[in-house]
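What follows is a short walk through one protein model, from its secondary structure to its side-chain pairs. Keep the sequence and the 3D view at hand while reading.

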Amino acid sequence: MSQDLRTFLAEWELQHPEDVVRVSEPVDIKYNVAGLQLNLERQGFFPILIIEHPTTVDGIPSEFPIITNLMASRRRCAAAVGS
């Protein structure tokens with residue numbers, strides 16, 4: 001089954017809401033995204049992390065969200081390739 005990233009994310013979030021973390025507050029991309037990932041990793045939690053309002057290293061709000069940890073679990077990797 002062919003699908004795009006938006007479709008995959010929407011379906012995954014619908015089926016596994018506990019496995020997606022959305023951050024709606026502005027987040028500086030220079031260190032804070034990695035810091036969020038590290039804190040979640042230390043808790044043994046590897047969710048899809050969606051930063052809805054990242055700010056660039058210059059402090060300028062980005063028009064594009066950041067999606068990270070997408071393939072941080074075998075279950076998601078398998079689902080992404082239809083296995």
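Helices (H or I, at least four residues) and strands (E, at least two) are DSSP runs, numbered from the N terminus.

This is a predicted model, in which local features need pLDDT of at least 70 and side-chain atom pairs count only at pLDDT 80 or more, while totals for chains, interfaces and linings use all residues. Residues are numbered from 1 along each chain as its sequence is written, and side-chain values use heavy atoms, with hydrogens and water left out.

Strands count as paired if DSSP finds at least two bridges between them. β3 and β5 run antiparallel and are joined by three bridges. Ile50 has Ile67 in β5 as its bridge partner.

Next come the aromatic rings. A pair of aromatic rings is described by the distance of the centres and the angle of the planes. Rings of Phe, Tyr and Trp (its six-membered ring) pair if their centres lie within 6.5 Å; planes under 30 degrees apart count as stacked, over 60 as edge-to-face and the rest as tilted. The structure holds one such aromatic pair. Its members are Phe8 and Trp12, with ring centres 5.9 Å apart and planes at 20°, so the pair is stacked. Phe8 and Trp12 are four residues apart in helix α1 (residues 5–15), and are therefore separated by about one helical turn.

Are these two side chains buried or exposed? Buried means under 20% relative accessible area, exposed over 50%, and partly exposed in between (1.4 Å probe, protein chains only). Phe8 is buried because its relative accessibility is 7%, and Trp12 is buried at 5%.

The charged side chains complete the picture. A salt bridge is a side-chain nitrogen of Lys or Arg within 4 Å of a carboxyl oxygen of Asp or Glu, and by this rule there are four salt bridges. In one of them, Asp19 meets Arg75 at 3.6 Å, N to O. Asp19 sits in the loop between α1 and β1 (20–23) and Arg75 in helix α3 (residues 74–80), 56 residues apart. Asp19 also forms a salt bridge with Arg76, at 2.7 Å, N to O. Arg76 is in helix α3 too, so this pair ties the loop between α1 and β1 to a part 57 residues apart in sequence. Asp19 is buried at 9% relative accessibility and Arg76 at 0%, whereas Arg75 is partly exposed at 45%.

Arg22 and Glu52 form another salt bridge, their closest N and O atoms being 2.8 Å apart. Arg22 lies in strand β1 and Glu52 in the loop between β3 (48–51) and β4 (54–55), so the pair ties together parts that are 30 residues apart in sequence. Arg22 is partly exposed at 43% relative accessibility, and Glu52 is partly exposed at 26%. Salt bridges with shared partners join Glu13, Arg22 and Glu52 into one network.
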